[in-house]
Amino acid sequence: MAELVAVIASTHHPFFYRASTATGADRPPFADEWVAKIEAFRETLTRAEPDVLVMVGSDHFHQLWLDNMPQFLVGKAPFFDANWHNEEREFGLPRMTLRGEEDLAAHILRDGLDRDFDLAFSNELRIDHSITCPIITLRPQADLPIVPVYTNIFAPPMPQPKRFVQLGRALREMVESWESDKRVAIIGTGHLSLELGGPRQFGEHGPDPEFDRKAVEWIASGDIEGCLAEVTLESLHHPGNATHGFMDFMLMMGAAGEGQRADHVDTLDLFHTMEAYFTWYPNGAPAPREATAAGAEQRA
Amino acid sequence: MSRYLLDKFLFTVDRDPELTERYREDPAGTVTWWEQERANTLLNCTPAERTTWLAFTDEERRALAGHDHVTLFELGAHPFLTLTLFIALFERDHGPMEYQRAYAKAIAHIPMPYPDITT
């Protein structure tokens, strides 16, 4: 069976690419600290030596639209082109093409349906920054095949928060029941408190630092029960009008497991939003790469 | 009230660079043309397979023709769609983040809970 080597949850800040590549007067003052945190975060995935990435994100009204809106959708295709005109225009994101892992996608679709998740699917999916941002931050060489999983955190009515947790749990079981010798990482991105197109957007911090503090603690400690006790579709309006994206973090908590403390936790307080990065190693933390390399030399 | 159609206008204009510029330069004319020619286009179908019933209310038409993001917010247009398109329209006329902050200030008087965006 496949091995789940890492579960990773992150925000997906579309400005990282531009901030991290800007030079001179264009480089924002927070860029160096941001890049350092991302490089440490990236190392947590590199160390796990994955072969395949399951990528959980949310289409921002790019391919999925209100005339035909799925709640949960799995991409099953040999390739996924990526990023859209308005992401190029507003964030300077590059066009990308990622390979797909169709065998795992087919397994997730069959197994998911049999677990009572009525998953939609797409055989021709252009993915957006909810999936390419973590590729850029965590695997910039973009060399691994992916299975995109899209959730609706954007267009009401949406599934309940507990459904996201349940899908995360199931997704982990589906990966672990895939008949393959591949090493799989599940990577999902969402939001902490966030306001887009509302009065509280683009402030000095995220719109609700108190929610962010609690959210980071729920995620870092794997406190699914505590989180579900407070978070509802209604309550998520209060920290900011785009905070339903937090449900993708809840999905990742489900994948990581109740009470599972994250092996890597980091945050960065930026204008507009707080960045947050979490990694769990379900089968124990791999040795740092330097030590592994030294061990290999000794064995040789 | 036709929130869906407001969203459809914002969505289709945002993704078409020529239409974005046309809406910036001639908002009233673009809204009139779009409602006549595009409002009843099914996006994933051939042109002949149109719908027949979609139209703006007077208030919605005025808000779009007036580039009035405050009224669009009050009407429940999806805030992400409005913001993304309006940044494309007007950010170029302002300093860094200046437009986004002014946009927020213009709707600061609208209390929570914000208008419903369910379609």
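**Note on the predicted two-chain model**

1. A:Ile186 touches A:Leu4, A:Val7, A:Val54, A:Val56, A:Leu171, A:Arg172, A:Val175 and A:Ala255, leaving aside residues up to four places away in sequence. Contact here requires C-beta atoms, placed from the backbone, within 7 Å.

2. This is a predicted model: local features need pLDDT of at least 70, side-chain atom pairs count only at pLDDT 80 or more, and totals for chains, interfaces and linings use all residues. Residues are numbered from 1 along each chain as its sequence is written, and chains are lettered from A in the order in which they are written.

3. A:Ile186 is, with A:Val54 and A:Ala185, among the residues with the most contacts inside the largest nonpolar core, which has 112 residues. Such a core is a set of buried Ala, Val, Leu, Ile, Met, Phe, Trp, Tyr and Cys residues joined through C-beta atoms within 7 Å; buried means 20 or more other C-beta atoms within 10 Å of the residue's own. Helix H9 (residues 246–256) of chain A gives the most to this core, nine residues. Helices are DSSP runs (H or I, at least four residues), numbered from the N terminus.

4. The contact between the chains takes 21 residues from chain A and 28 residues from chain B. On the chain B side, H1 (3–14), H6 (79–90) and H7 (98–106) each supply at least two residues, and H6(B) has the largest share, eight residues.

5. Within chain B, B:Pro27, B:Ala28 and B:Val31 in H3(B) meet B:Arg61, B:Leu64 and B:Ala65 in H4(B).

How values were computed. Two residues are in contact if their C-beta atoms, placed from the backbone, lie within 7 Å. A residue is buried if 20 or more other C-beta atoms lie within 10 Å of its own, exposed if 12 or fewer, and partly exposed in between; C-beta atoms are placed from the backbone.
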